[in-house]
Amino acid sequence: VPNMEVALLVDRSGSMYGDNIYYAMKAAAMIFYFAQIVGIKISVYSHCVNDHDQVDLISYSDPDAIDGNDGKRIFSMEDDCDGCNRDGFALRFALNRLAESDADQKIMIIISDGCPNDTGYGFGEAQIDVQGAVAEARKKHGILTVTAAIGDDCEAIRRMYCDGISEKNAAKVMDISDLEKLPRIFVNILKKSLK
């Protein structure tokens with residue numbers, strides 16, 4: 001097993017309520033337990049914008065956690081979806097934490113059902129923000145970013161993370177049309193990285 005660390009960031013905005021957050025949570029749990037079994041460090045976060053226009057970040061799993069309850073915390077994710085999503089801030093936080101790792105391979109995984117949306121943070125502003133974060137993490141720290149689109153907004157998410165940026169520095173985008181396949185696909189991403 002290579003010296004690898006994974007960070008997983010889940011959109012917890014209001015549009016994720018219901019099936020979307022359930023499958024995102026299921027994927028997060030499967031990736032977490034797979035990483036535990038093979039000895040890969042993993043962090044799991046979620047984010048949304050609260051009623052005070054502040055980004056709420058919740059950490060469910062941390063490589064340095066000592067209470068042994070990370071897996072249980074992940075399953076609390078589905079109870080709390082609300083507000084908008086300002087992806088750039090949350091993404092930079094998770095990428096910066098991952099950049100501090102001494103792992104040889106670093107993977108950032110984002111699960112969302114749509115493009116960022118908040119007051120003064122539409123497609124254009126958000127695109128510049130998230131692409132800048134992804135490209136900087138790739139160039140400076142070698143972090144590979146993978147984003148999964150849940151639902152019907154895969155093309156918009158692809159434009160958000162890939163248009164106008166070199167393929168080398170862009171995120172890898174996955175279309176998840178069948179939500180049941182989401183956990184297995186993410187586990188396969190990690191397996192391929194182990195080869």
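A search of the whole structure, which is a predicted model, finds zero disulfides. A disulfide is a covalent bond between the sulfur atoms of two cysteines. Cys84 takes part in none, and the nearest cysteine sulfur, that of Cys48, is 9.1 Å away. A pair would count as a disulfide with its sulfur atoms within 2.5 Å. The surroundings of these two cysteines can also be stated. Cys48 has a relative accessible area of 4%, so this residue is classed as buried. Cys84 has a relative accessible area of 30% and is therefore partly exposed.

The largest nonpolar core has 33 residues. Within this core, Ile74, Met77 and Phe186 have the most contacts. Several elements each supply at least two residues of the core: strands S1 (4-11), S2 (41-49), S4 (105-112) and S5 (143-150), together with helices H1 (19-38) and H6 (182-193). Helix H1 gives the most, with ten residues.

Which residues does Phe186 touch, not counting residues up to four places away in sequence? Phe186 touches Ala27, Ile31, Ile109, Ile111, Val146, Ala148 and Met174.

Just after H5, Gly164 takes a positive phi of about 80°.

Now consider the chain as a whole. The protein chain has six helices and six strands. Read from the N terminus on, its elements run β-α-β-β-α-α-β-α-β-α-β-α. Of the contacts in the protein chain with a separation of 6 or more, 78% come from residues 24 or more positions apart.

The overall dimensions follow. Along its principal axes, the C-alpha trace of the protein chain spans about 40 × 35 × 30 Å. The radius of gyration of the protein chain is 15 Å; because a compact globule with 195 residues would have a value near 16 Å, the two agree. Of the 195 residues, 52% count as buried. The accessible surface of the protein chain comes to about 9300 Å², and carbon and sulfur atoms account for 47% of this surface.

Definitions and conventions
Residues are numbered from 1 along each chain as its sequence is written. This is a predicted model: local features need pLDDT of at least 70, side-chain atom pairs count only at pLDDT 80 or more; totals for chains, interfaces and linings use all residues. Side-chain values use heavy atoms; hydrogens and water are left out. Buried means under 20% relative accessible area, exposed over 50%, partly exposed in between (1.4 Å probe, protein chains only). A nonpolar core is a set of buried Ala, Val, Leu, Ile, Met, Phe, Trp, Tyr and Cys residues joined through side-chain atoms within 4.5 Å. Helices (H or I, at least four residues) and strands (E, at least two) are DSSP runs, numbered from the N terminus. Contact means heavy atoms within 4.5 Å. The radius of gyration is taken over C-alpha atoms; the globule rule is 2.2 Å times the number of residues to the power 0.38. Accessible areas come from the Shrake-Rupley method with a 1.4 Å probe; for residues, only the protein chains shown count as cover.
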